[in-house]
Number of protein chains: 2
Amino acid sequence: MAPPGCTFPSSGADRAQLAMVLEVLASPKPGNVDRCHDYAETRLEHFIVSALAARSSLDAAEARSAGLGPLIEAAVGATACHAGGNTHFGAFILLVPLVYGGTLEGALSAIRSTTVEDAVAFYRAFALTQVRVAPADELDVNDPAATDALRARGMTLLDVMAHSAPRDMVAREWTNGFALCRRTADMLVADAEPRTAIRRAFLALLATEPDTFIAKKHGSALAIKTCERAAAVVRGDASLESLDAWCIGRGVNPGSLADITIGAIYLALGRGWAWDS
Amino acid sequence: MAPPGCTFPSSGADRAQLAMVLEVLASPKPGNVDRCHDYAETRLEHFIVSALAARSSLDAAEARSAGLGPLIEAAVGATACHAGGNTHFGAFILLVPLVYGGTLEGALSAIRSTTVEDAVAFYRAFALTQVRVAPADELDVNDPAATDALRARGMTLLDVMAHSAPRDMVAREWTNGFALCRRTADMLVADAEPRTAIRRAFLALLATEPDTFIAKKHGSALAIKTCERAAAVVRGDASLESLDAWCIGRGVNPGSLADITIGAIYLALGRGWAWDS
């Protein structure tokens, strides 16, 4: 057997795993888990192990061995192998169609083809983790009756994402052609210093895009306040360290922007982005 | 497709990847790359990406699709996908037979069955990386004539390891039934605090086992001096931080003990060690 040489990443599953680990290893990322910061329950190890554990479900996505809903459910189930709680749920919402589709067009085609059963499987995935949802949503994922409502309304998984899009920037990517992921991938590819490009792209996102995970947890006012504080760092009017301390002190973790960043790294790698140069 | 649930790690390849990432993420580890320390050329990302990139060669080892020499060569080749130089060469010397063998007995049986062609493939693996070897070794891995010498002497890969054992603690594991890896696995399993057990096991090794990578690079006196300094930390007579600074200041990185630690984590995981509890 000849040594395969430098073939990593070569598949979509490879690029998805690489995107997951590069995102979490980028430091400093205000408010989120990175090399210099753990949360009490969720540590850096959990994110790295989650990326490892996702392998078989990412391979299944690449082989198109099931629909998007069951594939996301499988990925969430496979990565519930650690004690760190939810690590990559939002990332899988982006990565699974991208890996499945092969191309952006393929991903969008797969998204348009989702069914009610995909939506039902997706709701089952929530039961495997503790993902925060907007209060009083009539399609509350924690409500067993929601599945009946999905079926009664004939809602596909794309319909579910469209329903969530106003309050969830990850779901929104399904409805706008992965617009924010693509724009962030452009930032990565254009950055002259790839080794530190991810943290710059993340900060740029934080300064302009109110994180919907923060908004669900703390209200939209704090999400917007976080943007303003990040914008001050970008302008040079405040330090990254002070922003990080401010976020951590308030439990402000921009989890949805981390998911968007993973999607962006995936797309950039697909365009040949040389992360290690 | 039902969610597979908490099945990671379930295979030998899973446990090998998990061992590689848990080892490098353990912090602080005096002198080595960890969460808090990179080398200029080799960074934490390189070790994590190396663990990801090794997947197909670890799967090949588990499927016994080639001999140990070509399998190690494939793993080294597959992980030469980053700009960080050698990351897991020594680890593969331990992991490949362990994954191939399934059990310790199986690994030792595979080791006893290695051939001259395994040795030749192993020497080719050196050409893929820049692993430090003892000067003036008559079987210099950087010398193309060494392969002829292997064939002329009929040396198997086990013979090569036995030849290297006095000066290389990783090769030594092939000749002593993975004694140091097993003893270190015992430490991990016995530790009441799994989340920080790896760094304690690493320090205990550092305090008692002169690292042969340090000895090759700096001479055995400095390897022994490193043990003495680590023993002072274990006794409480010096701080871990001062040991780390001392190591980094002198370019002392205990790379072989990191490999031993990876082998130990692999064995502990095979015994059901609950790393995340």
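Tutor: Some ground rules before we start. Residues are numbered from 1 along each chain as its sequence is written, and chains are lettered from A in the order in which they are written. The model is predicted, so local features need pLDDT of at least 70 and side-chain atom pairs count only at pLDDT 80 or more, while totals for chains, interfaces and linings use all residues.

Student: What makes the relation between chain A and chain B that of a two-fold axis?

Tutor: Chain A can be laid on chain B by a turn of 180 degrees and a shift of 0.0 Å along the axis, with an RMSD of 0.0 Å. That is the relation of a two-fold axis. The copies are superposed by least squares on the C-alpha atoms of residues with pLDDT of at least 70 in both.

Student: Which residue of chain A comes closest to the rotation axis?

Tutor: That's A:Arg35, with its C-alpha at 2.8 Å.

Student: How do you know that the same surface serves both copies?

Tutor: Look at the contact residues of chain A: 97% of them recur in chain B. Two residues are in contact if their C-beta atoms, placed from the backbone, lie within 7 Å.

Student: How many residues does each chain put into the contact?

Tutor: Chain A gives 36 residues and chain B gives 35. On the chain A side, helices H1 (12-25), H2 (44-53), H3 (55-62) and H4 (68-78) each supply at least two residues. Helices here are DSSP runs (H or I, at least four residues), numbered from the N terminus. By class, that side of chain A has 24 nonpolar, seven polar and five charged residues. Ala, Val, Leu, Ile, Met, Phe, Trp, Tyr, Cys and Pro count as nonpolar, Asp, Glu, Lys and Arg as charged, and the others, Gly among them, as polar.

Student: What does A:Ile48 touch, leaving aside its neighbours within four places in sequence?

Tutor: A:Ile48 is in contact with A:Val21 and A:Val24, and also with B:Val21, B:Leu25 and B:Ile48. In the largest nonpolar core, which has 189 residues, A:Ile48 is one of those that touch the most other members. Such a core is a set of buried Ala, Val, Leu, Ile, Met, Phe, Trp, Tyr and Cys residues joined through C-beta atoms within 7 Å.

Student: Why is H1(B) called roughly antiparallel to H2(B)?

Tutor: Their axes come within 9 Å and cross at roughly 170 degrees. Angles over 145 degrees count as roughly antiparallel, so H1(B) gets that label relative to H2(B). The residues making this contact are B:Gln17, B:Met20, B:Val21 and B:Val24 on H1(B), and B:Leu44, B:Phe47, B:Ile48 and B:Ala51 on H2(B). They divide into seven nonpolar, one polar and no charged.

Student: Why is B:Leu18 called buried?

Tutor: B:Leu18 has 24 other C-beta atoms within 10 Å. A residue is buried if 20 or more other C-beta atoms, placed from the backbone, lie within 10 Å of its own, exposed if 12 or fewer, and partly exposed in between. So B:Leu18 is buried. This residue of helix H1 of chain B is in contact with A:Val49, A:Leu52, B:Pro9 and B:Leu269, apart from its neighbours within four places in sequence.

Student: And A:Pro166, is that one buried or exposed?

Tutor: A:Pro166 has 12 other C-beta atoms within 10 Å, so it is exposed. A:Pro166 sits in the loop between helix H9 (157-164) and H10 of chain A. In space, its C-alpha is 9.1 Å from that of A:Thr212, 46 residues apart in sequence.

Student: How do you know that B:Met155 is buried?

Tutor: Count the other C-beta atoms within 10 Å: there are 22, so B:Met155 is buried. Its place is in the loop between helix H8 (145-153) and helix H9 (157-164) of chain B.

Student: What makes the phi of A:Phe178 worth a look?

Tutor: Most residues other than glycine have a negative phi. A:Phe178 is not a glycine, yet its phi is positive, at about 60 degrees. With 25 C-beta neighbours inside 10 Å, A:Phe178 also counts as buried.

Technical notes:
Axes are lines fitted to C-alpha atoms, for helices over the stretch in contact, and angles run from 0 to 180 degrees between N-to-C directions. Angles under 35 degrees count as roughly parallel, over 145 as roughly antiparallel, 65 to 115 as roughly perpendicular and the rest as oblique.
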